[in-house]
Amino acid sequence: MNEMSVFDSPKPSLSAEAAAAYLRRDYGIDGTLQELVSERDQNFRVVSPGGDYVLKIANAAEDENFLALQNAVLRHVAVSDPALGVPRVIASAGLEGIVHWQGHAVRLLSYLPGPLYSAVQGGSPLLASLGGFMGRLSRALRGFGHPAAHRPGFLWNLDEALAVKPWLADVADDRRALVGRIFARYEARALPRLPLLRGAVVHQDANDNNIIVGAGDSPAVTGLIDFGDMTFGRQINELAVTLAYALLDAKDIYVSASALIGAYARQFPVEGDEAEILFDLVAARLAMSVCISSHRGKEFPDNDYLLVSQAPAFRLLERLDQTNPAFLAAFARHAAGLDPVPQHDAVVAWLASVACRPAPMFPFDLNRSGRCLLSLTADAPGMEHAGDPQAYWAWLENLMAQQGARFAIGLYGENRDVYKGDQFSTPASPEWRSQHLGTDIFVAAGTPLLAPLAGRVLSAVDNALAFDYGPTIILEHEAGHGGPLFWTLYGHLSRESLAMVQEGQSVEAGQQIGSIGDSSVNGGWAPHLHFQVITDRLGKTGEFHGVGQPSLWPLWSRISPDPNLILRLAPESYHADATPPDLLLRRRAERLGPSLSISYRKKLKIVRGQGSYLYDHTGRAFVDGVNNICHAGHSHPRVVEAMARQAYVLNTNTRYLHDGILDYAERLAGYFPKPLSVVYLVCSGSEANELALRMARTVTGYRETVTLDWAYHGNTNGLIDVSPYKFNRKGGRGKPDYVEIAELADPYRGRFKGYGADSGKAYARSVAEKIEVIRSRTGHGPAALIAEAISGCGGQVFFPDSYLSTAAELVRASGGLVIVDEVQTGFGRVGHHMWAHGSQGLVPDIVTLGKPIGNGHPMAAVITTPEIAKAFANGMEFFSSFGGNPVSAAVGMAVLDVLEDEGLQAKALATGAHLKSGLEALAARHSLIGDVRGEGLFLGVELVRDRATLEPATQEASNISNAMRDAGVLISTDGPFDNVLKIKPPMSFGMAEADIMLDALEHALNA
């Protein structure tokens, strides 16, 4: 059909009286007729006792095959969705719904009551009801076909939008370029995709005068009329045309379109390729409309109907023309319930994976450096200086100095009101872009910037508008080998940065790509980096939005996900702690006993641990060089999982049979030489040492005990009595009568130097002397010698060769037992042996274990021989309420699994050797280091003011420990003079952590 022929042919002009007569003749209906407004046909509303109808008298040029199509569609919908509000065809007597009056084809349809959409004030709910209605229509028409739906030359078919492009010349001069750009957009973006999209018969004229709305307080679309623009075309055209009309003069295109698209897609899912060009089709429909109406306006200057919608159409076209079509495509996908950025998940998964290893972005480690958290909202601290970047930076420098911060963080996702300038306005919406899409790192101007990932320079340009980025570099990356592309943006740089890289240049991770700019070049901001990740650059090259509309955050956050995927700062970095250290110190003073000590001058609030790191309340990571309790590493997932799994099933005491405790006891005993094979499971190292002493005293019948000077075995009364580290220091009462203190076998500070066997045997004579003291007083020897395998509180002292074995021979010869305390030193920590006493050439009678056995879970063990265990069983029951409970057994087993599977003993040996070598190199350069000693990951660095006199450098040791804490490395001091730096980290501690520790120690020594 030639579309223009309907306009060339006169509109039908039957009188109401004539139409009523025909109606009575052919349909048997008497009623009152009221003529309705129409463009090319003549329509009457019929009010009759049997109901209301619409009488449609077609233009003489109308193709009756097309009228048959309309009837067929209405009949199809009546079957496929009977409740959908479309007219029903009323058949005349003996005919198929079409009769002829005075040369015109006539149909009678049911009347749909209710006001027109154009007469109703509605918002998102009404738009949603429209979208849902049209989605139902598309679903109802699925699979419908008809020969007459294929209409060559039909001007309103969006598939053939370019057919009216020649009429662009008829568009007003000041609007012609706008419409031309829309056609160009259609040709570039939509036309190539059309052959790949679904086809269907579509109504494609859901304008506000064809939509019926139900009455009531919450109006909803109840009907659709006028199927005269139906055609076969792309399925998505239905939604595009509906949107084109619905968005005319919409206050917020995004809000309106989201409601309509979402509701449509819930009824009839939209495909990704369709959503990609949806708004290009919306704009094309509007361009077609203004071209057709402009052309017809010249031919029919008296037809006001032709020009009635041009003004709102042009307004909408201007807004769409000023909006990034790629962003509109992403928005359409999102509104339709599709992934707005299909590659987002793959990019994020790769960035979060172990395969992605970002390099530091600055010459210092962000994770281990002090930081403070900023807000750039209107009432936040410091924002009184927001208009003066120099004053703001001065305020921020002072704040960072007070908090010991190296940098400050501006939040990703924060909704800010500091963004000024037209570049932050939104043509499609009254909502300004104000929600931050990047993370700000505030550091001094001139600070070098390094590429965190290898990539290619996409652009290096100066975005010199006020409040903009200033010099900006965008890098392009690949998410793994052959993975999707993504981009990183670096804004507010120095002008010199633009000369450091060139477009197309490859960069390596860790390569300098720029430096931080000052306020004179960076858009007028205090010095900082705006760092942003981009999964879809939306066709942009030299710049990209750094803030998005808050209402569209779910979309923007897919386009620019959290940069912390690359920064990898602890989550605590982005949240202000409600109970900082100062507050907790006050509460602690009120609620906890004052004898409970706390480390470091500047107190730490530790909130989380992972591997070899502890994290404070600000998210700062500290290399943990001293917490040997978490042997396998803080929060080891296998240990935590084993604990949780067993706790979910059963946790009870050992009065019941359970496989777990026996399996664990057998496995643990297997790490010891015979005859050590009987296991007692308890809850703490103190409980283990108490039990060991009780065993020795029960078996021998004696009470007297030999201990080593500066020994520490636990916090119970009985253990304080055998711990000179406690009873001979402040607050102690000295040794009890039944305890004798043997000389500490200290190869560095003691009487006999060196680690040879001669020195060991010489020190063992002190044990013999104490045995004789006991014998002379009691007539018998001691019940036991209790000794740490390595003297921890004595200053990380490793005994000379043969010391313990010689001392053991002496004690056994006097009738006593040998207890070796491995609470701190066991489970492969020393590297060359599973147990630290292994190098001493003895098999103890009793070994006690604690601390690392459960990776922080409260458990411990005593290992002894069958003979001793039998002698101990004298009728008095031994029972530890929760020692060896099923959860503890599961945890202990998991620790052993990790120890073996991750090769932690061998790792301790290698890492310890590397670290000790580095410490010895420091000792060669710094006379303050008197001695470096230890094996594996149990090391001591003794500081002296004079290497000849061995004057202890107690204050210096304290200063260094605190300086290293400030540098992000945790160690502690020990020894009789608190001048020994003790190093006993989790076994996850590796070469990287060792190098960090060495670097921090050297800086502290140089301070």
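1. A word on the model first. This is a predicted model, so please read every value below as computed from that prediction.

2. Let's start with helix H18, which covers residues 637-649.

3. Which residues of H18 are buried? They are Val639, Ala642 and Gln646. Looking down the axis of H18, you will find these buried residues within an arc of 65 degrees, so they line one face of the helix.

4. The face of H18 directed away from its buried side carries Pro637 and Tyr648, which are exposed. Tyr648 also belongs to a nonpolar surface patch with Val649 and Leu650, and together the three have about 370 Å² of accessible area. Val649, itself a residue of H18, has a relative accessible area of 63%; the cut-off for exposed is over 50%, so Val649 counts as exposed.

5. Ser635 is not a glycine, yet its phi is positive, at about 50 degrees. This serine is partly exposed, with a relative accessible area of 45%.

6. On to the charged pairs: the whole structure holds 49 salt bridges. One of them joins the side chains of Arg25 and Asp26, with an N to O distance of 2.9 Å.

7. A salt bridge between Arg193 and Glu276 has its closest N and O atoms 3.8 Å apart. Arg193 sits in the loop between helix H5 (173-190) and strand E7 (199-202), while Glu276 is in helix H8 (residues 272-276), so the pair ties together parts that are 83 residues apart in sequence. Arg193 is partly exposed, with a relative accessible area of 27%; Glu276, at 18% relative accessibility, is buried.

8. Asp249 and Arg315 form another salt bridge, and here the closest N and O atoms are 2.8 Å apart. Asp249 comes from the loop between helix H6 (236-246) and helix H7 (253-267), and Arg315 from helix H10 (residues 310-321), so this pair ties together parts that are 66 residues apart in sequence. Both residues are partly exposed: Asp249 has a relative accessible area of 47%, and Arg315 has 37%.

9. Through salt bridges that share partners, Arg185, Arg189, Arg193, Glu276, Asp280 and Arg333 are joined into one network. The Arg193 and Glu276 pair from point 7 is part of this network.

10. Next, a strand residue: Ile606 is found in strand E23 (residues 606-610) and is partly exposed, at 35% relative accessibility. What does Ile606 touch, leaving aside its neighbours within four places in sequence? Its contacts are Leu614, Tyr615 and Asp616. Ser494, in contrast, is 112 residues away from Ile606 along the chain, and the two C-alpha atoms are separated by 37 Å.

11. The peptide bond joining Lys674 and Pro675 is cis, with omega at about 10 degrees, and Pro675 lies in the loop between helix H19 (659-669) and strand E26 (678-682). His492, which is not a glycine, has a positive phi of about 70 degrees. This histidine is in the loop between strand E18 (485-491) and helix H14 (497-500), and with a relative accessible area of 5% His492 is buried.

Methods: Residues numbered from 1 in each chain as written. Predicted model: local features only at pLDDT ≥ 70, side-chain atom pairs only at ≥ 80, totals over all residues. Heavy atoms only, no water. Patch = residues over 30% accessible without salt bridge, like charges linked within 9 Å, V, L, I, M, F, W, Y side chains within 5 Å. Areas by Shrake-Rupley, 256 points an atom, 1.4 Å probe, with all protein chains shown as cover. Salt bridge = Lys/Arg side-chain N within 4 Å of Asp/Glu carboxyl O. Helix = DSSP H or I, 4+ residues; strand = E, 2+ residues; numbered from the N terminus. Buried < 20%, exposed > 50% of the residue type's maximum accessible area, 1.4 Å probe, protein only. Arc of directions from axis to C-beta. Contact = heavy atoms within 4.5 Å.
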